[in-house]
Amino acid sequence: MPPSNPTRNALVTGAASGLGRAIAVRLAGDGWHVALADLNADGCNETKSLVERAGGTAQVERLDVRDEQQWLALRDKLKSEWPQCDLIVNNAGVVASGGVHETPVADWDWLLSINLRGVILGCHTFVPWLIENPQRSYLINMASTAGLIAAGRMGAYNVSKFGVVGLSETLYAELKRHNVGVTVVCPWFVKTNLLDTGRFVHPKEKAGGAMLMEQSSLTPEKVADYAVRRMYRGKLYAVTGFRARQMWLMKRHFPQFFADFSEWMQRRFMEPRK
């Protein structure tokens, strides 16, 4: 159930667009106050208007999730302004693709610093404050179906999202006794602007991702609603979309078959023709 206290406070990273924006607006519908953290101030100001229109309140904060000092400064700032922190949403993320041996090391470093290190820093910095909360508090980490199954030519992205899933499972075990709920969100392809900033070894990889996004019925709003409802229910996994749940089930019960199917998918949608 949504919290009865209308002044509960949440921090959402990557809030300037996409899933971060949708989660902020979804929380606003339940009366939350949301700190919108991103490097894109203009996008966050647009999100702030949407949050206020939806019934919540918001403030815009600049944050590079790769920078530990910025995380610490933001925590100290919010501690001086808020009586408590009730929710952290580690959503900021990017995408890169290419064979493991083809993807430049610089692209591995760039992606992992945002998708994995950024989530680690967010948890390391803010979890102690969540534990201090006398009420129930929450942590949402944004992963992907790529954190449950591994498609070819997506090595860096897969590694980052598997890491987020593993971190979230660890935190669930550590924080349940402290009345902190942990939810990891693993959606199928969602229609967002994620590909706009992506790094791709071959154009077909971007085209394949765009096609799967276009074919998907998932919107950021649907993912956000499911994630928040799972959070309120205290559920660890928010595997979002029929196809995501189907693939996860297939891998768990028929791992070798799924590995062969994944190889076929790679050749069909991602691999450049020779």
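In which loop is N179 found? Colleagues, N179 is found in the loop between α6 and β7 (180–187), where helices (H or I, at least four residues) and strands (E, at least two) are DSSP runs numbered from the N terminus.

Before I continue, a word on the model. It is predicted, so to speak, throughout: local features need pLDDT of at least 70, side-chain atom pairs count only at pLDDT 80 or more, and totals for chains, interfaces and linings use all residues. Residues are numbered from 1 along each chain as its sequence is written, and side-chain values use heavy atoms, with hydrogens and water left out.

I return to N179. Its phi is near 65 degrees, a positive value in a residue other than glycine. Most residues other than glycine have a negative phi. N179 is partly exposed, at a relative accessible area of 34%; buried means under 20% relative accessible area, exposed over 50%, and partly exposed in between, with a 1.4 Å probe and protein chains only.

R153 also has a positive phi, near 65 degrees, and is a residue other than glycine. R153 sits in the loop between β6 (137–142) and α6 (155–175). With 11% relative accessibility, R153 counts as buried.

Let us turn to helix α3, residues 68–81. W71, L74 and L78 are the buried residues of α3. Seen down the helix axis, these buried residues fall within an arc of 65 degrees, so they line one face of α3; the arc is that of the directions from the helix axis to the C-beta atoms. An α-helix has 3.6 residues a turn, so residues three or four places apart point the same way. The face turned away from the buried side of α3 carries the exposed residues Q69 and S80.

What do the buried residues of α3 pack against? They pack against β1 (9–13), β2 (33–38), β3 (57–62), β4 (87–90) and α5 (117–132), contact meaning heavy atoms within 4.5 Å.

Finally, T103 lies in the loop between β5 (96–97) and α4 (105–115). T103 is buried, with a relative accessible area of 7%. Leaving aside neighbours within four places in sequence, T103 is in contact with S97, G98, W108 and V201.
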